[in-house]
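I opened the notebook to look up a few side-chain links and strand pairings. The entries below follow the order in which I went through them.

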Amino acid sequence: MSRLFACAIVAGLAGAVLPVTSSTAAEGIIPQAEQTPAERALKQAADTGRRVEVVSERTEYSTTFANPEGTFTQETHVVPIRVRQNGRLVTADPTLVKGKDGVVRPRASAVGIEFSGGGAPADAPMVTITRDGRSMSLDWPGTLPEPVLDGDTATYPEVLPGVDLKLRASVTGFQQVLVVKSREAAAHPQLKRLSYSLRTDGVRARTDEAGNLTAVNPAGQEVFTAPTPLMWDSSGVPDGAAPSTLRSAGEALAAPQKTQGAKADAANSFDPAIGAKQAALPAKVEDGALKLTPDEDLLTSPDTVYPVHVDPYVSGGRNNWAAVSKNYPTTSYWNKSDNVARVGYESQTGTTWRSFFTMDSRNLHGKKIVRSTFRIKNTHSWSCTKKPVTLYLTGSISSSTTWNKQPSWSTAQATVTDSKGWSSSCPAGNLEFSTLDAATKASANKWNTITLGLRANESDTYGWKKFDASTAVISTEYNTPPAAPSALDTIPSTRNSAGCGDTAPYGYIGDTDIYLTAKASDPDGGTVNVKFHLWATGHHPNDDPNGVLIVNQTVSVTSGSVAKLKVAKSTLLPHLQTADGNFSWKAQASDGSLSSDWTPPQGAPGCRFVFDPERPSTPPTVSSVQFPSGDDGWPVNTSPVRTTGQFVVTPGGATDVAAYEYWSTQDTTVRTATPATLNGTVTIELTPTKAGAHYLYVRSVDRAQNKSDLMAYLFYVNGAAAPDKPGDLNGDGHPDLWAVDGTGTLQRYFGDGTGTAVKASQAASANGQYTDTKTTRRGDWTDDGFEDLIVLKHDATEQRDRLWVHANDGTGGIDQANVRELNVWGPENDHWQGADQILAIGDVDGPLDLDGDGTIGPNDRPGHPDLLVRKGDQLWLYFGSPSGYLDEYVEQPPVLIGDEGWSGLELFAPGDATGDGRVDLIARDTSTGVLYRYNGTGPNGEGLGADPVQIGTSWTLTNRPLVTSVPDVQGDGQPSVWATDASGNLLFYPQIKGGGNVVGSGLSGFRSLT
């Protein structure tokens, strides 16, 4: 419920007073009208004539730029170019370093990768890969020597006589290669069948008939994948620029093979050379090991060129690319760690390849696509003879994509005829393909991803090419249409209960100039041009051949502000008789390139008013020190939310004023204020709780009950200087309590910092609003600084459970006009269907430093509350985002943090209970009454699903039917608990200890505390 104070009559709540901070604008408050990072980048781009990065939009996979033309360009990669590390987004770097603990790790990778430091204890594995707290380890049967580190590669020499082991890290996984350096080494009995000890934590590893390995979590989601292992010899043409005397790979293959030994190993340790002999290795997970059987013929053939390489690799990547090979039709080359993408026919081995790339396209929804280009580095070609390669739009890919299971090949996007990477005459370089068609379709059809496929002429070996998949990027320039104007009105105001007057009754305006007003908004920010059309009703040029547009003018304002256009009464007078004083009007927004629909929409009746110059127009005047007029834009000195503003109302040009009627956009209840003397002034007190544009509507009433024209006083309200502390619902600094009573109505109990919570006399919601719902709260989900309510409710029409944010109005009431849905981009990420409990836990991962300056500022990603969903024995962690999508960031899909024993637990959010800066979790066993604490230890929910610490007993459902935990109730930094007993008393447990203090009563039959 909103708060409105008037004259000596205060519309308040009896019992517990709703605290309101009465002050002027606080020092350090950032006005809501301040430019966003995107707007600042657009201005800098326009000023300099060069594109400027919007740093606040950085992700692991993408970079966004503002262009001088007023558009944006997003470059999205298929492989992470940045990774999260200790609260910062840093450049991905697979370079290996040895830590103080002796373990070798890449500097910055998207998954956890650990290589043995050599000579380690017997239980230290050769390699461990970790993602979302789940891991898989492979171990060598024996003690490894200390590795030699070279960039992303660790070499363990002579793990067997004449055999080296190489491990290479990538951003998303690792490659493992045994380098068999001679025929003598190949005779070692251990190479008859290789066995790597396999240990998993939180995943189950398995291989299919083709030898493809997948490791899945208990929900069946793939966490790690590995294709059928491959082995190859050192014959063929190695990578690197060929001598200029050799014009093609065919000529090089016909020439005597000179690359031998260490040189061949260095050239093609992790990727077969063109024409190398190859063989797939049968692989199987059994008896706690990954077992591989090397190809005996390749090892012993007289024409085998040593060294021979034996290569399994593992990926934990989230975004996807894949290759398929006609020679290995059932092998899945999914997220290959070597990042080598091949296309075309290679005649020496008779192999044909195709490659696919999945790119995130969610940001393109509803955008106007200007241009789009797919770019990838061509690292090697059969020759310098330019040959075509074609990019297609294809169906989606997965870890089961093979030559035999390819996606559909749809529209050809572009063909590029070129060849790079054979020799210095055609060095490696990028090829670019137009993807305007694919990006436009993704925008129109709201595709979450675009999958592209590369193919070459598969009957011409000169068309064969290699590409570096880690360089694959789709660069799309786009513009976002501005929103249609909103909140249309006139001054004096002619709005009615239905809107701007496009339906009866129509408002009257007397003998005065008129202002047309409309709120402008553009998702890209910046300047918005609002065009106003006004005509005599029924005589628009589209409807009347003799009709004219009386007004056709444009006003430019900053996005989020109200545009105002003066229409002099002298402009209207010549057209007064055309429609008996009735005039209609509309507004349309433009960013200079794209335009919105009209408001009201094209084809619908316009807003309408009746102009009567014979009728005096004497609306009251309004002024406020705390909230100055916003007629000229957002005032610098306006006040923040929860500031009580005094609005002084005077009669204006009217006489015989006996009273004033008023209401506001925040509280539409019509109230009356009576001056002390006839034709006197009144002071109205209003305490806005929402930032942005507001209107106070006032009209005078004379002794004969005649009403003046309506004054619409526009003012702006700044946001809060800081968000409310966790648990505080009304801004007084003390945590409070929400409770759903037996009728399904949300009640509010205000705390005073001692543990006492007093019920307010008015409910926080409509009667019965929360019947048959699950509710929770922690944190600000609407970016206004107030703690909000999260609701899970079944939608009988759509036959599914839907998740909602019900915004706090700043007083602990529910803002019925601010209800928004929480959603997921990917249907596979919706785990709340049939959920047993939802819990807003706080901010698990914290803010993210995007610009690397060590502080969280306007260019960084602020923290946002997160959500737990408990469904049966599974516990899912969702990362919140300002967009309302709980899988907004590709690198942060929902994480399964618990998969056993959760069905008998009820969860509570105490905040940081251990003082280590991480949010923790409390759970009670509903059957035994034992209370546990799970200590959060990391940004991905580490610790929240494991290693519980018992902190209490006797918390049974009978003894304590309802329980909730709230951080820092007493200001001591410790979490506390409110609970009910069997008699309906409210008890408070400071620091979750003791027998509880009775602080209230009357909660019998209540459904929940939150």
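**Entry 1**

I began with Lys277 and Asp303, whose side chains meet in a salt bridge at 3.9 Å, N to O. The term covers a side-chain nitrogen of Lys or Arg within 4 Å of a carboxyl oxygen of Asp or Glu. The pair links distant parts of the chain, 26 residues apart: Lys277 is in the loop between α4 (261-267) and β22 (278-280), and Asp303 is in the loop between α5 (296-300) and β25 (308-311). Helices (H or I, at least four residues) and strands (E, at least two) are DSSP runs, numbered from the N terminus. I noted that Lys277 is partly exposed, with a relative accessible area of 28%, and that Asp303 is partly exposed at 44%. For these words I used the following limits: buried is under 20% relative accessible area, exposed is over 50%, and partly exposed is in between (1.4 Å probe, protein chains only).

I also wrote down what I was looking at: this is a predicted model, in which local features need pLDDT of at least 70 and side-chain atom pairs count only at pLDDT 80 or more, while totals for chains, interfaces and linings use all residues. Residues are numbered from 1 along each chain as its sequence is written, and side-chain values use heavy atoms, with hydrogens and water left out.

**Entry 2: other salt bridges**

I looked up how many salt bridges there are by this rule, and the count comes to 53.

One of them joins Lys181 to Glu158, with the closest N and O atoms 2.7 Å apart. Lys181 lies in the loop between β16 (173-180) and α2 (183-186) and Glu158 in strand β14 (residues 153-160), so this pair ties together parts that are 23 residues apart in sequence. Lys181 counts as partly exposed at 35% relative accessibility, and Glu158 is partly exposed at 44%.

I then turned to Glu821 and Arg802, whose side chains meet in a salt bridge at 2.7 Å, N to O. Here both residues are in strands, Glu821 in β59 (residues 814-822) and Arg802 in β58 (residues 800-808), and they are 19 residues apart. Are the two residues buried or partly exposed? Glu821 counts as partly exposed at 23% relative accessibility, whereas Arg802 is buried, with a relative accessible area of 13%.

I recorded a network of salt bridges as well, linking Arg193, Lys284, Glu286, Asp287 and Lys291.

**Entry 3: disulfides**

I found two disulfides in the structure, the term meaning a pair of cysteine sulfur atoms within 2.5 Å.

Cys384 is joined to Cys426, S to S 2.0 Å. The link of Cys384 and Cys426 is left-handed, with -80 degrees about the S-S bond. The two cysteines are 42 residues apart, Cys384 in the loop between β31 (368-381) and β32 (387-394) and Cys426 in the loop between β33 (409-418) and β34 (429-434). Cys384 counts as partly exposed at 27% relative accessibility, and Cys426 counts as buried at 8%.

Cys500 is joined to Cys607, S to S 2.1 Å. The torsion about their S-S bond is about -90 degrees, so this disulfide is left-handed. Cys500 lies in the loop between β37 (486-491) and β38 (507-509) and Cys607 in strand β45 (residues 607-611), so the pair ties together parts that are 107 residues apart in sequence. Both Cys500 and Cys607 are buried.

With the bonded cysteines numbered in sequence order, I wrote the pairing as 1-2, 3-4.

**Entry 4**

Strand β46 (residues 621-624) runs antiparallel to β47, joined by four bridges; two strands pair if DSSP finds at least two bridges between them. Thr621 has Thr650 in β47 as its bridge partner. β47 also pairs with strand β50 (residues 682-686), in the antiparallel sense over five bridges. Which residue in β50 is the bridge partner of Gln646? I noted Glu685.
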